[in-house]
Amino acid sequence: MITKEFTAFQNKVWLSSPTMHGDELKYMTEAFETNWMSTVGKNINEVEQMAAEKIGRKYAVALSSGTAALHLAMKLAGIKQGDKVFCSDMTFDATVNPVVYEGGVPVFVDTEYDTWNMDPVALEKAFEIYPDVKVVIVAHLYGTPGKIDEIKAICDKHSAVIVEDAAESFGATYKGKQTGTFGNFSIISYNGNKVVTGSSGGMLLTDDLEVANKVRKWSTQSRENAPWYQHEEIGYNYRMSNVIAGVVRGQLPYLEEHIAQKKAIYERYREGFKDLPVKMNPLNTEGVANYWLSCLIIDEDAMCKQVRSENEALYIAEHGKSCSTEILETLAKYNAEGRPIWKPMHMQPIYRMNGFVTREGNGRCKNNAYISGGTVGVDGLPLDVGMDIFERGLCLPSDNKMTANEQDKVIEIIWACFE
Ligand SMILES: *Cc1c(COP(=O)(O)O)cnc(C)c1O
């Protein structure tokens, strides 16, 4: 319960804002001065090579956004009207919407506590309930790689294709390999708040030249080889601009530096919170995160009462306890930006009728009511893990440019919420 008063931050402390270095402008200017103000040009060629090399895939195709890359990945995965597709549940809706663009029907697979990513046990359950599913979409949340080996083994067993959403985890590794190498089709994003940015943009990653060429063709309106505009397939205007590619080109050399800054932020929070009844978001012991966002989760018995409707939150302040709403509101009051955990897709009004599978099976009752976060599985843990993390967790200000002093004050403010 907050009783202490602080002075507000003079400059807003952001969740995660772009961090520019100067070369971005140089390459943008180069595009301008050579008049390659288009979706063709040197910056595009360069960033495709640089990213493919960094990640360790043969081809990276530069596109207008991570969402565009996911959409083309759904087409490559062969999703057809009415096909059910298993999807990460606790994620940004950009992971899932492209399934619907192709007429597919997302079925959500619950989250596990170890990495906050898709639960392999729930995925196995999902295949028991829906044995015909052939595509699985997996995101690595907040830069922590998921349980890739387990998920891959299950997908192989069921001959399912993996679309890997590494939008948040660029630069993170699992067993020494970069995220973005594990999907049949993988994507990254250069959205403004990601670990490196083009202001917007994304890439599709593949080892197959034919696939790369298909994506290039689809993303430029599917023009056939002919003297006129000839079309045999539906096309899209999804190619990255050479100006945006200039920004990406300037940013890519700073990926590791940004990750080191994000890691230092994570570790400072972990140290600062070690005597509070909270935990940091998990890392995967089999890999190295990129620490994109630092998050915390409040111990169950340190949660004050909190209710969330579809668009409002209320809480009752209590001595010695706090909740995500109180912390987020208090941070905002002092000009610092936190964010709730991604609200799970199965809780979203738009996906309310879709399937949802927890580690014990079907997570929806027959009448489609929720098995609520209060429902406990045989192991004594909440059955709906995503809902539980959403309820007790939050994302902390994780901006590269946040100073140690600013971060210490963020930590103090959060301490005060628990007084
Ligand atoms: C940012 C993000 C995307 C989408 O990327 P855009 O480039 O913004 O379209 C997809 N999935 C996840 C998990 C993301 O965080």
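# Buried loops and a covered ligand

Modeller: Ser222 sits in the loop between α7 (209–219) and α8 (242–251). The model is predicted.

Colleague: Why is Ser222 called buried?

Modeller: Buried means under 20% relative accessible area. Ser222 has 0%, so the word applies.

Colleague: What makes the phi of Ser222 worth a remark?

Modeller: Most residues other than glycine have a negative phi. Ser222 is not a glycine, yet its phi is positive, about 50°.

Colleague: Where is Lys175, and what is its phi?

Modeller: Lys175 lies in the loop between β6 and β7 (177–178). Its phi is positive too, about 45°, and Lys175 is not a glycine.

Colleague: Why is Lys175 called partly exposed?

Modeller: Buried stops under 20%, and exposed begins over 50%. Lys175 has a relative accessible area of 47%, so it falls in between.

Colleague: Turn to the ligand. Which residues come nearest?

Modeller: Gly66, Thr67, Asp165, Glu168 and Lys194, out of 15 residues around the ligand. By class, that shell holds 4 nonpolar, 8 polar and 3 charged residues.

Colleague: What distances do Gly66 and Asn191 have to an oxygen atom of the ligand?

Modeller: Gly66 uses a backbone N or O atom, at 2.7 Å from a ligand oxygen. Asn191 uses a polar side-chain atom, at 2.8 Å from a ligand oxygen. The protein buries 94% of the 370 Å² that the ligand exposes when taken alone.

Colleague: Which element gives the largest share of the shell?

Modeller: Helix α3 (residues 66–76), with 3 residues.

Colleague: What makes α3 mostly covered?

Modeller: Of its 11 residues, 9 are buried. Among them are Gly66, His71, Met74 and Leu76.

Colleague: Where is Trp292, and why is it called buried?

Modeller: Trp292 belongs to the loop between β11 (287–288) and β12 (295–298). Its relative accessibility is 0%, against a limit of 20%, so Trp292 counts as buried.

Colleague: What does the side chain of Trp292 reach?

Modeller: The backbone oxygen of Asn193, at 2.6 Å.

Colleague: How far apart are Trp292 and Phe418?

Modeller: They are 126 residues apart in sequence and 26 Å apart in space, C-alpha to C-alpha.

Colleague: Where is Asn290, and why does it count as buried?

Modeller: Asn290 is in the loop between β11 and β12. It has 0% relative accessibility, so it is buried.

Colleague: Which backbone oxygens lie by the side chain of Asn290?

Modeller: That of Glu168, at 3.0 Å. That of Phe170 lies 2.9 Å from a polar atom of the Asn290 side chain. The contacts of Asn290 beyond four places in sequence also include Ser169 and Lys262.

Colleague: Where is Ser169, and why is it called buried?

Modeller: Ser169 is in the loop between β5 (161–165) and β6 (173–174). Its relative accessible area is 0%, so buried is the word. Beyond four places in sequence, Ser169 is in contact with His140, Gly143, Thr179 and Asn290.

Colleague: Now the whole chain. What makes its radius of gyration agree with a compact globule?

Modeller: With 419 residues, such a globule would have a radius near 22 Å, and the chain has 22 Å, so the values agree. The C-alpha atoms fill a box of roughly 75 × 55 × 35 Å along the principal axes.

Colleague: How many helices and strands does the protein chain have?

Modeller: There are 12 helices and 18 strands. Buried residues make up 56% of the 419 residues.

Colleague: What share of the contacts joins residues at least 24 apart?

Modeller: 70%, among contacts between residues at least 6 apart in sequence.

Methods
Residues numbered from 1 in each chain as written. Predicted model: local features only at pLDDT ≥ 70, side-chain atom pairs only at ≥ 80, totals over all residues. Heavy atoms only, no water. Near = heavy atom within 4 Å. Polar contact = N/O pair within 3.5 Å; in protein donor to acceptor, adjacent residues only side chain to side chain. Areas by Shrake-Rupley, 256 points an atom, 1.4 Å probe, with all protein chains shown as cover. Helix = DSSP H or I, 4+ residues; strand = E, 2+ residues; numbered from the N terminus. Nonpolar A, V, L, I, M, F, W, Y, C, P; charged D, E, K, R; others polar. Rg over C-alpha atoms; globule rule 2.2 N^0.38 Å. Buried < 20%, exposed > 50% of the residue type's maximum accessible area, 1.4 Å probe, protein only. Contact = heavy atoms within 4.5 Å.
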